Amino acid sequence: MHIYLPIAEVSVNAFLLLGLGGLVGVLSGMFGVGGGFLMTPLLFFIGIPPAVAVATEANQIVASSFSGVLAHFRRRTVDLKMGAVLLVGGLTGAALGVVVFNYLKSLGQVDLLVKLCYVVFLGVIGGLMFVESLNAIRRSRKAGGSPPAKRRQRGWIHALPFKMRFRTSGLYISVIPPLLVGLSVGVLSAIMGVGGGFIMVPAMIYLLGMPTKVVVGTSLFQIIFVTAFTTMLHATTNFTVDVVLAVLLLVGGVVGAQFGTVIGARMKAEQLRILLALLVLVVCGKLAADLLLQPTELYSLGELGGH
Amino acid sequence: MLRFLLALVLFALPAFAEEETVVLGLSQDRVAITANFDGSNILVFGAIKRETPIPPGEPLQVIVAVSGPSEPVMVRRKEKKFGIWVNTDSVLVDSAPSFYAVATSGPFHDVISDTEDLRYRISIERAIRSVGAAMHIRSAQDFADAVVRIRTDNGLYSIRENTVAVDEQTLFRTSIDMPADLTEGEYSTRIFLTRGGQVVSFTETTIHVRKVGLERILYTMSRQQPIVYGLMSLAIAIAAGWGASTAFRLLRNS
């Protein structure tokens, strides 16, 4: 059954959109990532104009994260205080990101820079997570059970001022690192059209030292507000939010996210991390191949947007 | 009085040079884009009206050209730099139709001569206008060709030879397929009658392509009240997210 999308102005199969939404939704619920870094390229692939894909994806992430965060609230795995601090950074970052985005657009190389951003970030984070989780699994096998939770890089974080107690996470750290994490994720989400969970989750685990169980719910909490802000920015400046597309993606996505949360709760943290790392590396490899291999069509058509 | 009539006849004479004119029919002159719009098919048919017998010589040929609204297009070309493929040169094609279909009653170059094609801009290549190409860019024509190639691959541009049926040099019909990815606007439909490659008559009409119903409401709202539209999109998203979550939980608990 084909459906005509009023803003994207293309006709696509409704079941394809539902399926894509569902698939990405499962991953979103499992890992606490918004799924934007997968969905946005998938939407390009099925022929949605990039500008519409990015803006609509922000809207869809709000919905899939909302149902995900509700599930986490019930299991009390959301650190609201930490979420609020991250959010302050995130909103500032998103506003900054839009300024940066428009500047890159005026240079005419925004596509390339967005793709390069993807490759670099996905590659570094995927690689780090993969090595780290492999080591963790090896340690737990050797120790034959509970490994000592060794946290790294806590020296300089503890030396910073403005300390705050985050009871749910069991942390007493300065607010500066979470603010900076929120800020950089906000910038990236505005430039790359993603929720930023794939950056934030590792940053929270490795940089802030938060327990993995709390990380997923808290990042979803922050993502909701940042992507809602991004959606409004796109809807009012570029008119590229397609609500019909968003609804189809989120109907699949919301159901998928529920299954994902259940699956995620039953898996070990190390297994979750290694799966996420592999997924990130696969997407990175695909994008890198696009940049390195000769494309079949050297020319591309663009509209005269933003003039 | 007589002199006046004579003057009138003489004055009108050039118009009478067009001895054969088209009486045109369309199966529909408006296309409504609804939520489940899946392309459209328009039947273009008509008859040739003439005051004199059918002229001897070359048979009558018919060309039907449907053109969507024209817009400027930015064409970019990738080149390999530092090991990766990046957009380097770009050319602004001043005006290219969003949709273009030409149907002819015979092989294109038999039906119309090159000079007549140039004058009426009938073939796809001529329907695209590109004058602003910067001089430093190599082979600017490649960029215009790329527009035609990419849009032809997407089914937006097509030339369909031998698809206009002409009976007894008097009746003709053809059907124009319009893809699902149509943009709104006025689609100009031109019908040319040719003899020996020369255009003997030319008529034009318009097909209106419009979004209707929900599609129309959403589109208008997103343009005229973007803040309301954005908030509504968020509200719908959050409601659906919460609704599905609740439904799922009830389903599992029951």
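User: Which exposed residues sit on the face of H5(B) turned away from its buried side?
Analyst: That face carries B:Gln141 and B:Asp153.

User: Quick check on the model and the labels?
Analyst: This is a predicted model, where local features need pLDDT of at least 70 and side-chain atom pairs count only at pLDDT 80 or more, while totals for chains, interfaces and linings use all residues. Residues are numbered from 1 along each chain as its sequence is written, and chains are lettered from A and ligands numbered from 1 in the order in which they are written.

User: OK, what are the buried residues of H5(B)?
Analyst: They are B:Phe143, B:Ala146, B:Val147 and B:Arg151. These residues cover an arc of only 115° around the axis, which puts them on the same side of H5(B). The arc is taken from the directions that run from the helix axis to the C-beta atoms.

User: How many residues does helix H5 of chain B have, and how far does it reach?
Analyst: H5 of chain B has 13 residues (141-153) and reaches 18 Å from first C-alpha to last, close to the 18 Å expected at 1.5 Å a residue. The expected span is 1.5 Å times one less than the number of residues in the helix. Helices here are DSSP runs of H or I with at least four residues, strands are runs of E with at least two, and both are numbered from the N terminus.

User: What follows H5(B)?
Analyst: B:Gly155, which has a positive phi, near 80°.

User: How is chain B divided into domains?
Analyst: Chain B has domain 1 (17-211) and domain 2 (212-254), with bounds from an automatic or database domain assignment. Their centres, taken over C-alpha atoms, are separated by 40 Å. The contact between them takes six residues from domain 1 of chain B and six residues from domain 2 of chain B. On the domain 1 side, strand E2 (30-33) and strand E12 (198-211) each supply at least two residues.

User: Now chain A. How many helices and strands are there?
Analyst: Chain A has eleven helices and five strands. Of its 307 residues, 51% count as buried.

User: Where does UniProt list a "transmembrane region" in chain A?
Analyst: The unreviewed UniProt entry lists several, including residues 243-265 and 272-293. UniProt positions are given in the numbering used here, feature names are shortened, and annotations may be inferred rather than shown by experiment. In the model, residues 243-265 of chain A are 100% helix and 0% strand, with end C-alpha atoms 31 Å apart. Residues 272-293 of chain A are 95% helix and 0% strand, and the end C-alpha atoms there are 32 Å apart.

User: What about helix H11 of chain A, what should it span?
Analyst: At 1.5 Å a residue, the 24 residues of H11 (269-292) of chain A should span 34 Å, and the end C-alpha atoms are 34 Å apart, which agrees. Its buried residues include A:Arg273, A:Val280 and A:Cys284.

User: Last one: is A:Ile3 buried or exposed?
Analyst: A:Ile3 is buried, because 23 other C-beta atoms lie within 10 Å. A:Ile3 is found in strand E1 (residues 2-5) of chain A. Not counting residues up to four places away in sequence, A:Ile3 touches A:Ser11, A:Val12, A:Ala14, B:Ala35 and B:Asn36.

How values were computed
A residue is buried if 20 or more other C-beta atoms lie within 10 Å of its own, exposed if 12 or fewer, and partly exposed in between; C-beta atoms are placed from the backbone. Two residues are in contact if their C-beta atoms, placed from the backbone, lie within 7 Å.
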